[in-house]
Amino acid sequence: MKKQTLNGIWLMKECSSDKNEMNITVPGSVLSGLLENHAIEDPYYRDNEYAARELFWKDYEFERTFVVTEELLQETKVELVCYGLDTLTEIYVNNELLAETNNMHRTYRIDVKNMLKVGENNIRILFKSTLQYIKDYKYEENKKIKFVSCGVMEGNQLIRKAHSMFGWDWGAQLPDAGIFRDIELEAYSEAAFEDIRIDQLHSENTVKLSLHTKLQMLEEKAYMIQVRALNPEGEVISNESSQAKQADTLQELTIHNPKLWWPNGFGEQPLYTIQIELLSDERVIDQKEYTIGLRTLTVSQEKDEWGSEFSFQINGVKIFTKGANYIPEDCIYSRITAERIEYLVKSSVRANYNCLRVWGGGYYPSDMFYQLCDQYGLIVWQDLMYACNVYDVTEEFEESIVKETIDNIKRLRHHACLGMWCGNNEIESAWRNWGGFQEESDYLRADYVKQFEYLLPKAVKQTDNTTFFWPSSPSSGGCFDDPDSENRGDTHYWSVWHGLLPFSDYQNHYFRFCSEFGFQSFPSLKTVETFTKEEDRNIFSRVMESHQKNDAANGKILYYLSENFYYPKDFDNLLYVSQILQGVAIKSGVEHFRRNRGRCMGSLYWQINDNWPVASWSSIDYFGRWKALHYMAKNFYAPIAASLVRHENEIEVHIQNESLQDTTVKAILTLKNMQLETLAKKELATDIKIEALTAKKIAEVNYTDILQDLKKSTVFVELQVIYADGTTQVETETFEPYKHMQLPKAHITKEVVETEEGFAITLHSDVFANYVELNFANADAIFSDNYFALTGMSKKVFLQKEDITNGTFQNAAEVAEALQIRSIRDSYTF
């Protein structure tokens with residue numbers, strides 16, 4: 001197998017003019033090329049999005065020359081391989097039409113040998129306007145679609161292109177075009193691997209691997225297939241060879257005493273390497289390499305007293321899923337680099353996730369995303385790329401989506417992280433419950449059944465019959481059978497936020513698995529400053545509203561703010577308090593779900609990341625800055641975590657142990673006033689045993705009697721939990737909302753000491769201070785903890801030097817001078 005990359009410098013032009021030719025880097029797109037050449041302003045700045053959107057009514061050409069050697073053309077077959085063409089293209093080689101494509105989610109392999117010549121060749125790819133295609137689209141009778149999802153351009157579902165490129169209620173409308181992944185020539189003779197599927201059969205102390213190999217045979221003869229397995233240390237532990245006389249062959253090997261792959265928080269992530277070589281007359285003519293984890297992984301739906309559970313089951317263990325929903329990390333896909341992906345995956349692990357859901361309105365991430373999830377231990381809930389839409393299933397569309405499904409399953413099915421395939425996001429529920437969908441024709445409803453309950457499940461099963469398949473999210477299993485049921489399947493819950501219900505409403509529900517719930521916040525001032533002028537910094541300015549894609553969201557944020565806090569004194573503090581609101585909202589939900597472990601077995605909040613700088617539901621903003629929610633997630637998703645529940649004057653204490661080992665805890669509950677004086681103290685117990693994989697209520701304390709002589713606005717409850725490893729968790733609860741609390745101004749002292757790896761910051765407050773934020777004006781940093789309470793004890797926070805970006809500090813004194821500290825009390829006008 002010979003390969004020749006066509007990545008590199010291409011010439012791009014807008015088709016209606018030859019005057020605007022420019023060199024661009026491929027992988028790249030129209031937007032990346034225009035930005036690279038300073039031909040447009042930043043589409044993320046102010047309201048430039050709308051001018052950039054209009055560019056995509058035009059057609060564009062990408063062109064380059066390349067040299068083909070006589071050696072390459074001597075091979076029997078030469079293919080042009082396109083791993084990511086976005087989206088409607090005509091491909092010309094040496095001015096002859098080679099192929100047309102219409103699906104950005106597919107990998108295209110096109111025989112090109114007869115069009116090539118020795119020496120210089122030319123390839124030209126025409127990218128036709130997707131907006132014009134949508135405008136010109138001709139529906140069949142009774143098939144015209146009227147429904148348009150929030151924030152999205154009409155007709156986005158008519159083309160197999162990431163829906164969110166046409167906007168979403170958090171995303172810009174920038175339907176880019178281009179070559180967003182590698183493009184290359186592949187040449188071979190005799191035979192090559194067409195497909196390899198690796199199945200695992202687990203038994204006591206052994207794993208049998210079955211390699212189902214399919215060859216593209218250009219010459220009918222006997223070949224040899226050599227299979228080597230390397231253990232996680234890189235040592236060869238199996239070396240098998242077999243003869244292949246036909247296209248389909250089976251090789252088997254056994255791994256003894258396997259090291260099992262576990263998700264983050266449950267064990268290690270040992271990865272084995274499988275090397276497969278195809279030999280002809282003792283010459284290697286093709287080779288493949290796969291990195292796999294040895295594990296069993298499915299979703300259990302065992303019936304129980306409440307209905308049917310919905311739980312990931314890894315190596316026989318049912319776990320509570322902790323994580324969030326993932327969207328594309330940029331509107332310009334060539335910017336989604338390996339470094340950015342790794343940062344997000346590592347941020348997930350640092351926040352104690354064990355799962356990411358790849359949401360169906362975006363794209364299938366690159367191989368690197370899944371490799372990193374394998375490496376760091378994140379289960380991937382993988383949606384197929386359909387979301388919140390009605391689809392017109394024509395013959396052409398049907399053929400395209402089946403091939404798309406097969407392409408991506410073949411690419412991804414071997415990954416240890418792959419936990420499930422899910423047919424779509426929210427469409428079954430929409431056909432059952434959404435008003436707009438009820439206005440669509442029965443023909444389109446029939447298309448849903450055909451697409452999601454026949455075509456796609458069939459394609460999945462034929463290509464990957466071991467990974468769990470789920471028809472939609474939310475769902476109870478399909479057929480429009482109560483897809484929003486709380487007693488089976490997974491649930492999306494939005495009454496807190498869209499329904500304006502209080503955070504306490506989570507406690508009225510006992511979902512089996514909550515795969516979407518969320519709350520918005522604004523990004524930090526540093527992020528807002530990247531897309532605004534000073535005059536724009538009001539949440540109701542045209543620019544700020546252009547970076548808020550959910551029409552009613554600003555009002556919702558202000559409503560919830562009015563229910564919980566004072567109105568902040570300025571714009572910066574409004575951004576800060578919005579993040580506190582968001583964190584508290586999601587914390588309320590997650591802690592309730594975890595307290596009911598067994599009945600509820602999963603929490604995936606909406607959403608971890610952004611694809612541009614925007615007000616949204618994310619816990620990490622576009623520039624990678626952790627919001628308050630992400631810091632809080634690190635604590636409420638901790639393997640062993642404590643939570644408080646207040647019912648009027650009674651406080652309950654709960655411990656959740658999502659680990660494979662029993663543990664013990666010591667807990668102390670203290671009633672304090674604002675000056676941190678102890679009014680009542682109760683040592684709940686010492687060495688309380690919390691069994692592995694359980695949640696337990698360890699105490700309830702009623703403060704009715706003591707509160708009769710106190711103002712509720714002047715006291716708070718502090719829970720101090722000391723874990724077996726010596727670490728301490730502090731949780732607080734008040735008897736009134738913070739807007740009614742008589743919070744005094746805090747004087748917070750700081751001491752910074754340099755260590756070998758970073759800086760140790762010790763904080764102390766003279767009064768109760770909550771939601772204490774640490775920040776730098778001229779640098780970004782990830783602290784070991786943030787947005788915490790100071791309740792009398794000194795608080796030590798660590799800052800690793802490698803976690804400081806966009807700025808540097810020479811010593812502890814510089815850190816201390818630059819460190820900005822504020823609490824919720826500092827947001828007040830008085």
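1. Let's begin with leucine 676, which is buried, at a relative accessible area of 17%. Buried here means under 20% relative accessible area, exposed over 50% and partly exposed in between, with a 1.4 Å probe and protein chains only. Leucine 676 sits in the loop between β38 (663-673) and β39 (678-690). Its phi is near 70°, a positive value in a residue other than glycine.

2. A word on the basis: this is a predicted model, where local features need pLDDT of at least 70 and side-chain atom pairs count only at pLDDT 80 or more, while totals for chains, interfaces and linings use all residues. Residues are numbered from 1 along each chain as its sequence is written, and side-chain values use heavy atoms, with hydrogens and water left out.

3. Arginine 46 also deserves a look: its phi is positive, about 50°, although it is not a glycine. You will find arginine 46 in the loop between α1 (30-36) and α2 (49-54). Helices (H or I, at least four residues) and strands (E, at least two) are DSSP runs, numbered from the N terminus.

4. Next, the cis peptide bonds. The bond from valine 26 to proline 27 is cis, with omega near 5°; proline 27 lies in the loop between β3 (22-26) and β4 (28-29). The bond from tryptophan 606 to glutamine 607 is cis too, with omega near 10°, and glutamine 607 belongs to the loop between β35 (602-605) and α15 (628-636).

5. Finally, helix α14 (residues 571-595). Its 25 residues should span 36 Å at 1.5 Å a residue, and the end C-alpha atoms are 36 Å apart, which agrees. The expected span is 1.5 Å times one less than the number of residues. Helix α14 is mostly covered, with 22 of its 25 residues buried.
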